[in-house]
Amino acid sequence: MRLPYFRLVKGILKNKIGVQAPLTLAYEATAACNLRCRFCSFWKRQRGDELELSEVRDAIAQAVSEGASFFAATGGEPLLREDIPQILKFARKRMLTLLVTNGVLLAERIDEIAPFLDFLTVSLDTLNPSKYKYLRGCDCLEDVLEGISAYEERRKKYPHLKFNINTVLMRETLPEVPYLLNFALKKRIGITFEPVVPLTSDASCENPPEWGSPEDFNNALKEILRFKARHPATVWNTDYYLKWILERKNFICRSETLIRMDACGNIIAPCYDHPSYDVVGNIREKRLSEILHSKKARELHESAHKCPRKDCYLMCYVEPSLVISSFSLAFRGLASMFMKLRA
Ligand code: SF4
Ligand code: SF4
């Protein structure tokens, strides 16, 4: 068992007894993207002066000093960054590492990144090439499937690596759920589902995503729960997260458990979806500790505790928040994590 797991357990327990401690550094490795998803406008953004390798390493070291045990590289598309293997190598000596990719470049780059990853997630919402092209703006499904095959061929070479696909639940992808569940089962990989959350920060998107009818949405969730009961090692979402979405209960969002840093070193609080989200500092100008403990950051995270959004199901915020809210969920969350490690 790697050391950061113990730090993660310690971080969860600290938050449980009221000591605010970040668990995760979520880093947008680059704002660039090689897809043109119709429900996203990130790819239209101007790219700024993105952090260099030495600056990213410094930010990682500072996040570790703050107690974070998990490093998640996202984008844009993180595999567009040449030095992503060096970033992951540095991070994995100190933290658990995850990379989330659209998978288009995975077959090409998997051997560069796999040695330095604990978790690798590929976004995949459909197995239908024309629907993929419609949703993602690129005729690239074949490339993504090649990336998944590249992982399958290397399963024994990288036994430490846990691999899953992640499906965004929205109107167009609800009918795809049974196919994707069976695909993951057949391939012996994990699958997670996350309802789409139209981003406050993405108001310029021309085709904001929709959930579909409540009936279709709930039926898809029930199907996932039934499948999970039969194949717990395939569906990686916790059952309490899936049931919580189904019941749409209130929760206290603990956004302070996640440090969100964009490609240029801006620290964002509480999250991109909160109506008053803002940049609370830049890692080039201030120490992370000073930024995280600033009045503005504290106030924004406190506002997340009473977040007005009732349509937010972001896994990276909701799961830790639910875990911290109850001892029984903390136990089940940790048990599910250790089960995943043994799978
Ligand atoms: S959703 Fe992700 S993969 Fe698609 S355009 Fe936006 S950043 Fe790129
Ligand atoms: S509930 Fe939390 S993660 Fe969701 S929008 Fe509000 S602050 Fe952000």
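**Note on the predicted model**

1. Arg188 counts as exposed, with 12 C-beta neighbours inside 10 Å. Arg188 lies in the loop between α7 (177-187) and β6 (190-195). Its phi is near 60°, a positive value in a residue other than glycine. Most residues other than glycine have a negative phi, and most peptide bonds are trans.

2. The basis of this note is as follows. This is a predicted model, in which local features need pLDDT of at least 70 and side-chain atom pairs count only at pLDDT 80 or more, while totals for chains, interfaces and linings use all residues. Residues are numbered from 1 along each chain as its sequence is written, and chains are lettered from A and ligands numbered from 1 in the order in which they are written. Helices (H or I, at least four residues) and strands (E, at least two) are DSSP runs, numbered from the N terminus.

3. Ligand 1 has Cys33, Leu35, Arg36, Cys37, Cys40, Phe42, Trp43, Gly75, Gly76, Glu77 and Asn102 around it; a residue counts as near a molecule if its C-beta atom, placed from the backbone, lies within 6 Å of it. By class, this shell has six nonpolar, three polar and two charged residues. For these classes, Ala, Val, Leu, Ile, Met, Phe, Trp, Tyr, Cys and Pro are nonpolar, Asp, Glu, Lys and Arg are charged, and the others, Gly among them, are polar. Gly75 and Gly76, both in the shell around ligand 1, are joined by a cis peptide bond with omega of about 10°. Gly76 is found in the loop between β2 (70-74) and α3.

4. Ligand 2 is surrounded by Cys253, Ser255, Pro270, Cys271, Asp273, His274, Ala304, Cys307, Arg309, Cys312, Leu314 and Tyr317. Eight of these residues are nonpolar, two polar and two charged. Pro270, one of this shell, is joined to Ala269 by a cis peptide bond, with omega of about -10°. The loop that holds Pro270 runs between β8 (266-269) and β9 (278-282).

5. How do helices α9 and α12 pack? Helix α9 (residues 239-247) and helix α12 (residues 315-325) meet at an angle of about 105°, and their axes are 10 Å apart. Axes are lines fitted to C-alpha atoms, for helices over the stretch in contact, and angles run from 0 to 180 degrees between N-to-C directions. The two helices, α9 and α12, are therefore roughly perpendicular to each other; angles of 65 to 115 degrees count as such, those under 35 as roughly parallel, those over 145 as roughly antiparallel and the rest as oblique. Tyr240, Tyr241 and Trp244 of α9 make the contact with Met315, Val318, Glu319 and Leu322 of α12. Two residues are in contact if their C-beta atoms, placed from the backbone, lie within 7 Å. The contact of α9 with α12 has six nonpolar, no polar and one charged residues.

6. Helix α12 also holds Ile324. With 23 other C-beta atoms within 10 Å, Ile324 is buried. Not counting residues up to four places away in sequence, Ile324 touches Ile12, Asn15, Lys16 and Arg254.

7. In helix α4 (residues 106-113), the buried residues are Leu106, Ile110 and Ile113. They cover an arc of only 85° around the axis, which puts them on the same side of α4; the arc is that of the directions from the helix axis to the C-beta atoms. An α-helix has 3.6 residues a turn, so residues three or four places apart point the same way. The buried residues of α4 pack against α3 (84-92), β3 (96-101), β4 (119-123) and α6 (141-153).

8. Leu25, in strand β1 (residues 24-28), is buried, with 26 C-beta neighbours inside 10 Å. Leaving aside neighbours within four places in sequence, Leu25 is in contact with Ile60, Ala63, Ala68, Phe71, Ile259 and Met261. Leu25 and Phe71 are 46 residues apart along the chain, and their C-alpha atoms are separated by 5.0 Å.

9. Is Glu256 buried or exposed? Glu256 is buried, with 23 other C-beta atoms within 10 Å, and lies in the loop between α9 and β7 (258-261). Apart from residues up to four places away in sequence, Glu256 touches Gln20, Pro22 and His301.

Key. A residue is buried if 20 or more other C-beta atoms lie within 10 Å of its own, exposed if 12 or fewer, and partly exposed in between; C-beta atoms are placed from the backbone.
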